[in-house]
Every structure is written in structure tokens, then in C-alpha cells.
There are 2 protein chains.
Amino acid sequence: MTKFIEVEVKDLRVPTSDTLHGSDPFHKKPNYSCVLTSIKNDDGLAGLSVNFTAGAGNDWLMYGVRDLSKLIIGRKLEQFIEDPVSFYLMLIDHHQLRWLADGVARMAIGSILNAIWDLWAKTEQKPLWKLLVDLPPERIVKSIDWRYLKDALTPEEALDRLKNSQGKKLEQEKSVVQKGVKAYSTAGWLGLTDQKILQTINEVKSDGLDCFKIKVGKGLDFDLERMAFMRDAVGVDALLMTDANQIWGVKEAINYMKQLSDFGPHWIEEPTARDDVFGYKQISEALQPYGIGVAGGEQAPSPVIFKQLLMQKAIQFCQIDATRLAGVQDVLAVILMAEKFNIPVCPHGGGIGLCNMIVHYSLWDQICVSGPYRGQLVEYLNFLQDGVFLNPVTIEKGAYKTPTAVGWGLEMNEDFIHDHTYPTGDVWQGREASGSITFVA
Amino acid sequence: MTKFIEVEVKDLRVPTSDTLHGSDPFHKKPNYSCVLTSIKNDDGLAGLSVNFTAGAGNDWLMYGVRDLSKLIIGRKLEQFIEDPVSFYLMLIDHHQLRWLADGVARMAIGSILNAIWDLWAKTEQKPLWKLLVDLPPERIVKSIDWRYLKDALTPEEALDRLKNSQGKKLEQEKSVVQKGVKAYSTAGWLGLTDQKILQTINEVKSDGLDCFKIKVGKGLDFDLERMAFMRDAVGVDALLMTDANQIWGVKEAINYMKQLSDFGPHWIEEPTARDDVFGYKQISEALQPYGIGVAGGEQAPSPVIFKQLLMQKAIQFCQIDATRLAGVQDVLAVILMAEKFNIPVCPHGGGIGLCNMIVHYSLWDQICVSGPYRGQLVEYLNFLQDGVFLNPVTIEKGAYKTPTAVGWGLEMNEDFIHDHTYPTGDVWQGREASGSITFVA
């Protein structure tokens, strides 16, 4: 038996606001940032997780993770492995913290749980996707909190569906691992020039990528022009996705997107508020005749919101995020529900470390749950990899190369950590204003 | 012109876990706690707000409020009064913090905004309800962020509806202020003995209260017995409400409540997850033949969730909370939507300071929006008033006496603050375990 002896938390921020990478209608000058959580085990291993934020507020999350760490120090990894749902419930149902609900609290719990999953995978010497793929269906189902999800999917039905796909698992594992999961690239950040966007497109095209995403919502004239430019740059056959980051109301979203429909957008992502299930449903129904699907989920605050989005067919593309929910177990539940309602899982990969984590979920999904490519697209960003992660994600023939490092593969370059620690790191000297909450664009 | 010069934040916790006041199926040993925020103006006035939590996690919220205070120091009260929605947007749309979404972040923003509303009311020498009642409909409507709400209610329609009720306003103000808003009492906390519950019922009955609420969800046998006891104690004609604090899944809630239906529960509150709009709708439809309504909202994390609950008729009683949303403006929006969909507003009043705040909302609702009593019930708790607040809420003939103190009337007894400050106050010496996150029931 081994036990957790220390939790270390680091506040890392990258001044992406310098270049406007990551910018959208709301996040005008984000600094891609993360809380790096490391849980040390007394056998010498350390489990890592990253939890993305847009800069200010990284410290709110760090505060939460530090506080939660008091609940887990001294507990045993084997206790988690034996009964992951009890561990989850200890945190999510904490009799005083529960009042804080989702947002920071659920994200902080996710930081802790994801780091423990990393430890588990490391003790088995497997990448996280492989740990999940090798877990028997019974143990996957037993790890999930089904209390609020049973009207969509019961644990019994989930078990049946997982068992039914077991027959094809070996074959699917071989083919998916070899081909990798299909990726798309977000190229059209709102604050970038056309030239800079074109440069990104050409860079990722050379890696075989043929699906691209653009931010919209700045204004119709601007967007019509940029959509024309993008369609021209990517070609008539490429999938071109759009993302509004919640800028519109329900009716505005419908009217706006009808006017962009000539450029053939594959989906509109987050057309309105993150939790507006019935709003998404209305938008889906109105845009269906135009061939535009609705994507959402990167800010869906709970598995219950995902449940409703899926049951109501309010989304056509399910965008799990790696760090907003309460860790692996919440995300597995969402992937299982998405399969039942036949909605492809297209994870959100913006932000530092997210691409590195989502690839594991997509591998599990495409090997054990929904099967090889039939519309699942995994977001890819071609920055903040080399020099940041010791095992950066890489793209080949338009797909993520399957990770081979153990755990999530989130080990970071020591120099990167040193330089980007906020506010003491070298990168932050003389830049205080853009890092702190006092800076408003 | 006056400006905000200092924000002071206090962490106050009451060891209610000693007596199990406030206990329910999830919050087994809550310590009723609050973040007390005080915004000092350079004219010598201070605006106060309290934001309730269940103990651990109070410090998470305090961390957020302190950070947000950096955004408002030096700004002018007149800027807020002139254009409250711009001030709201500055906080809610902060280009980096927005990623944190609801939960702690929205609650912290609410702490700041509510304290500024308190300051505003104090400069006009009015209780908060009177400030709201005297604001012209145009200014109420202009204070609200309508972006995500327009499919339920447009600002134009809200203005029309408010203007239409202006004719009766003077008369309604006179009668509502004199009678007060009708209250109900939560007597049956889960952890209390029958004897203790009976004592509370008799205490509040002597104040004229004739509606009572009981916690359910511990187990069917236990609840059947307690419901029988409660019905006997309150009498056949009294309204008897039930509250499950989200303990069930959708189908469980329906089956469980059917079995309690003989005792005539007026409503079941939070039968399932706080954000399960579609689940609430299913439960509402299934229990409608049994005469049991669904109540919800105390943990509804955003105005968008309220919008959906109301539009979908998923709730029959709309339970605004005074401190979960982003302050007065969010709550006014919910009250206006509830009126349009003809759902009575029955605010949540558990927890320290909540009763003191919700009475202002109910007065505005019943004077300017939905009109005098037609099913609106305002929760009342008969503890944590005397000795805590300088102007405690009081009950007369079953109704809240209309507050006369300026602002929210949240000024606290200095000794109470001193003794209950966590972790340094006298009350917390030797009780460390029950105050901190390390304590798990």
C-alpha cells in the first residue's frame, strides 16, 4: 500500500495576450495558463494534472486545489484504484463544500482526481488511454457517479453497451492506435491578422490537417469577409467550423449563422450561453436545414448539463473539456452518454495541456465506445507544445500520433516552469499588468 | 462624486454543526457561514453584503471577493448608479476571469455588486426594497443583462409589464408594507429530534406562521414516520412543504414523492440536481396529478438556468437565492421572468443573512411585479438573528415585518463578528476540526 504524502501546486501563466493567440469575442486578451498539480506518493511516483484557465483566476483555482489537498494527504492510492467512485463522492459531496457547486469547485476537484488517475497509470506503466482501454467494462461503469444520469443511461445499459463493443476492441485498438485520432486545427483566432492565420493554416496543412476552425461574432461584415477568406484559404472541400464563444442570444445566433451559411460551416460552436440547453436545441433545429450543426460543451459546467444537451439533441457535436468537470470519471460518463445518443465526441483542445489530455479520451472513445472515425474530430493547436512538455503531442497525416509516455504525459520542461511561474518567473518581470486581474482589455 | 476606497472582507462562521440546525441529506454538518464584504466610500459610508456558505469553502469565496476588489477600488459609486449594467458586465465578462464561469466566481461578483447596491440605498437613505420600488421601470430594465434572456422576455416586454403595474403601485405599496410578505418556516431539519422540531413549530406558530417545511430523503421509512409526525404537529390545513436538497435521481424522486403524497406536501424542493431543467420538468409532470409542485432555484447557478426552468414550466415555485447569482441585477431579471410565466417567487432563506436580504426582493416583487400574495411564500428561520444583526428580521402575524433600516440592513453586532471570525474568534478555539475542510461527516 502506498499513500499520498504531498500535493504541490504551481501557478503557470503564458503571456499569450502579447500575440492574441487564443483570443475570441469574450476572451480578448487571454493568457493561456494552468494550475499544475503534482501529488506525490510515498513510493516515489508523482501524479500530475494541469487545469487550464485564461490567466487571472488561475490563482482562485490554485487556492481551491490547495485546500482540497488537505482531504487527500495520507490516503492510499490503492483505495482510489479499488473504489474510484467513493473517492469521487468524498470530494464532490463534501458536506460543507458542496454549496460552492460547479465552476471553480468542480474544476479543483478535477485537478485532484486527474492527478490521481495519472499516478494510477504510472503504477501500471501505461499511458492513460491504455489504462482505460484495458479496464474491464465493469470497472469503468463502477467508477462513475450515476445518481443524476440514470434517466439518460443506466449503469446496466452502459455495461451492456461496453460489453457489446468488446468483441471489436482488439482490432479497433490496433487500427486506431496506428492511425491516430483525426484532428482539426483552430487557426482563425479573432485577434490575428489574415496573414498570421494563413501562416498557421499552411503550417498545419503540411501535417496533413484538412479541417479548420475560425472564431466568429465580432460583427457580421467582418465575419463575412473573414469566412470568405478562410474558405478560400482552406479550399471548398475542407471542413470549416465556426466558434462564437457564447457571444449571442438564441435568436441572434440563428439569424447570424443563416447569413454565414453560404460558406458551408460544419458547425457553430457555443452559439449562446454554455448552459442554455433549450437555447441550443432551438438553434440546432433552426440551423438544421442549412446543414449547420451545433457544437458545445467546453464550458458545460456539469455532467447533468451534458446529459440534457445529449438527450434533447440540442448539440450535434459533444465537446468534452479535459479540465472543467470533476476529472476522468465525469468525462467517461459524458462519452458513454454521447455514444448512446449517437453524438460524436469532439473534444475541446484550446489552452495549455488540453490537447495532451483529450487525446487519451478520444482514443478510449474510438477504441472502446463509439468506434473508429465517424465524425469525431479532436481539436489541435500548434503552439505551447515544444519546449513546454517533455512529450509534446504531435500530428501526422492529420491525426494525433498515439501517445506512448506513461500517464497523461504532462511532464513539463523545468525551464518552462521556472520562467512562467506567476508572478515570480522571468517571463512575468515587467509584464505584471497583463498577468493580474487588474488588467481589463 | 465619491469613490470606493477600500474593500474589507471577513470570514464569519457559526458552529451550527453542534446542534445540526441547517442539516439535510447532503449538508450533514453545516456550519452556517458568510463572507461579510464591506466597501468603503470616501464619503464615509460603507456598503455591506453577506454571502452565505456552509462552512468550509467560505475562504474560497473570500479569496475571490478580495481579488475582485482590485477591479473596483477607485471607481465611482455614481458610475454604478448611472449605468449599473456596464459595471456588471465589467465583472461578469472580465476577459480572463470569465473562464471560471458560475459557482464561486458568480457568487463573488454578487458579493461585490450587492455591497454597492447597499451603498446606493444608503446614499438615498432608503431600505433596499424602497430604492427598488422607487426606481422608474426604465432604470430597472436598463440595469439588467438581457443578452441570454431575450427568448424568454425582451427588455421591451419587461418595461411594458412593469409600466402596466405602475397604476396599482402606490396602493400595493401601502398594503404590502403594512401586512408584510407572508413567511413560512423550515422546522424539520434532518438532524433534529422530533421534540426539537416540535419546539420550533410552537415557537413560530406563536408568531402566526402557518406554513412549514421539512427535509426528506433520508430513507422512506424514516420520512413516512416524520411526515406523519409533522402533519400531526402542524394540522391538516397548514401548508407542509418538503425539501430533498438534490438527493435523488429523476425517477427515484417521482417514486419517492408519490409515496409521501398522502401527507399532502405542497411542494417538493430540489428533488434532483440543481441544473437538471429537463429532470425537473419530468418530475413536475409526474407529480402534478398528486397535487405536488416542484420548487427549485436556491442552487440554480445562472439566470439562464432560471430562464429554462421558468419557460419549460419545470418548476411551480421559483426559489431565488440572495447570494448565489451575480447580485441584485440577476435576481431582478429572474423575478421579472417568473412573473411572465406566472410562477410565484418563494425565496430561499436558509443560512446567515439570507432572510435579511430576501425580504427586500419579495417586497419589490409583491409591490411592483407580481402583486400582493397569491402563493408567494418567503422562507424564514428563527435563528441567527438576535445578537447577530443590529436590525434582525422579525415576524408578525405570519409575515415579515417590513424593514425600515437603510440598505439591506445587514449591519452586524461587533461582538458577534469578533467571536465568530474564523479561525481566530473565541468560538473557534478548540473547535478547529469542525470549521475546516478536513472535517468530513
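Let me start with a pair of strands in chain B: β1(B) and strand β2, residues 33-41, run antiparallel to each other and are joined over nine bridges, where helices (H or I, at least four residues) and strands (E, at least two) are DSSP runs numbered from the N terminus, and two strands pair if DSSP finds at least two bridges between them. This is a predicted model, in which local features need pLDDT of at least 70 and side-chain atom pairs count only at pLDDT 80 or more, while totals for chains, interfaces and linings use all residues. Residues are numbered from 1 along each chain as its sequence is written, and chains are lettered from A and ligands numbered from 1 in the order in which they are written.

Within that pair, R13(B) has S33(B) of β2(B) as its bridge partner. Both strands belong to an open sheet of three strands in chain B, ordered β1-β2-β3 with antiparallel pairing, and its edge strands, β1 (4-13) and β3 (46-53), each pair on one side only.

Now to the helices: α4 of chain B, residues 104-123, lies across β2 and β3 of chain B at about 145° to β3(B), with axes fitted to C-alpha atoms, for helices over the stretch in contact, and angles from 0 to 180 degrees between N-to-C directions; contact means C-beta atoms, placed from the backbone, within 7 Å.

Finally, the contact between the chains takes 58 residues from chain B and 58 residues from chain A. On the side of chain B that touches chain A, α1(B) gives the most, with six residues.

Technical notes
Two residues are in contact if their C-beta atoms, placed from the backbone, lie within 7 Å.
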